[in-house]
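Here are my notes on the model you sent. Please read them with the coordinates open.

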Amino acid sequence: MGNSLFISFEGPEGAGKTTILKLIAEKCKEQGIEVLTTREPGGSKIAEKIRSIILDPEHTEMDSRTEALLYAAARSQHFAEKIAPALASGKFVLCDRFIDSSLAYQGVGRNLGIDAVHDINVFAIGDQMPDFTILFDLEPEVGLARINANSGREINRLDVESLAFHQSVREAYLQLAKKYPNRIRVVDASKNVDEVVHEVWGILQTYM
Ligand SMILES: Nc1ncnc2c1ncn2[C@@H]1O[C@H](COP(=O)(O)OP(=O)(O)OP(=O)(O)O)[C@@H](O)[C@H]1O
Ligand SMILES: Cc1cn([C@H]2C[C@H](O)[C@@H](COP(=O)(O)O)O2)c(=O)[nH]c1=O
């Protein structure tokens, strides 16, 4: 059994998290590393059902606290059912979004407060944090243009928030990176895919 590693991929819409995560997972597998790739909200049957409730563009009446609790509920199930067992068996876990998304989107974007959102997440998953987090930093205008140009990508309830909302989320992420410099590594996501993969792979090497 290898040494487990829990890595989260974070950042605003269209920053390239999913694209780069897949490429990094392939590189890990080429090296014989066992990997679980997963995402939030979602990653398990129940959590995917919660995802569809949260992200449904028709659910415009959803209260911000309900939203924060649903993300935490999905995370609790996903962590217990998928992430914890994978880590226990020595796998690398590459997770597309995790707790920092809640701190940035619900804590700051929705104005619920980072501490309040952190507290409900502690109830959901205890003090389990990723070993490290890659923050894909990008101007929201660029990320939103990328997802609008991607015809295969469904537009969800959060995507259609105002530009000011998405800017506040980006700023929140950068503040989190300042607060947790040992855990969160910021990558310039405006670079091309090969450059970003190279940088993320370099960071990963320092933890292996
Ligand atoms: N470095 C890059 N340069 C240009 N385009 C990119 C880059 N990385 C990803 N893309 C493209 O941008 C779009 C969004 O990428 P991706 O789905 O990986 O982002 P994401 O951060 O996972 O988005 P979201 O969180 O909103 O789902 C895709 O069409 C992808 O091909
Ligand atoms: C985990 C998590 C996610 N969000 C938001 C961020 C995105 O707008 C969507 C997820 O869509 P994606 O295409 O899978 O990136 O949900 C959030 O607000 N809070 C969270 O905890």
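1. Leaving aside its neighbours within four places in sequence, Pro 12 is in contact with Leu 138, Pro 140, Gly 143, His 166, Val 169 and Arg 170. Contact means that the two C-beta atoms, placed from the backbone, lie within 7 Å. Pro 12 sits in the loop between strand 1 (5–10) and helix 1 (17–30). Helices (H or I, at least four residues) and strands (E, at least two) are DSSP runs, numbered from the N terminus.

2. This is a predicted model: local features need pLDDT of at least 70, side-chain atom pairs count only at pLDDT 80 or more, and totals for chains, interfaces and linings use all residues. Residues are numbered from 1 along each chain as its sequence is written, while chains are lettered from A and ligands numbered from 1 in the order in which they are written.

3. Is Pro 12 buried or exposed? Pro 12 counts as buried because it has 25 C-beta neighbours inside 10 Å. The cut-offs are 20 or more other C-beta atoms within 10 Å for buried, 12 or fewer for exposed, and partly exposed in between; C-beta atoms are placed from the backbone.

4. Gly 16 lies in the loop between strand 1 and helix 1. Gly 16 is buried, with 23 other C-beta atoms within 10 Å. Beyond neighbours within four places in sequence, Gly 16 contacts Phe 136, Ala 189, Val 193 and Val 196.

5. The UniProt annotation "binding site", from an unreviewed entry, covers residues including Pro 12 and Gly 16. Such annotations may be inferred rather than shown by experiment.

6. Now ligand 2. The residues around ligand 2 include Glu 13, Arg 39, Tyr 71 and Asn 156. Helix 4 (residues 99–109) gives the largest share of this shell, four residues.

Notes
A residue is near a molecule or strand if its C-beta atom, placed from the backbone, lies within 6 Å of it.
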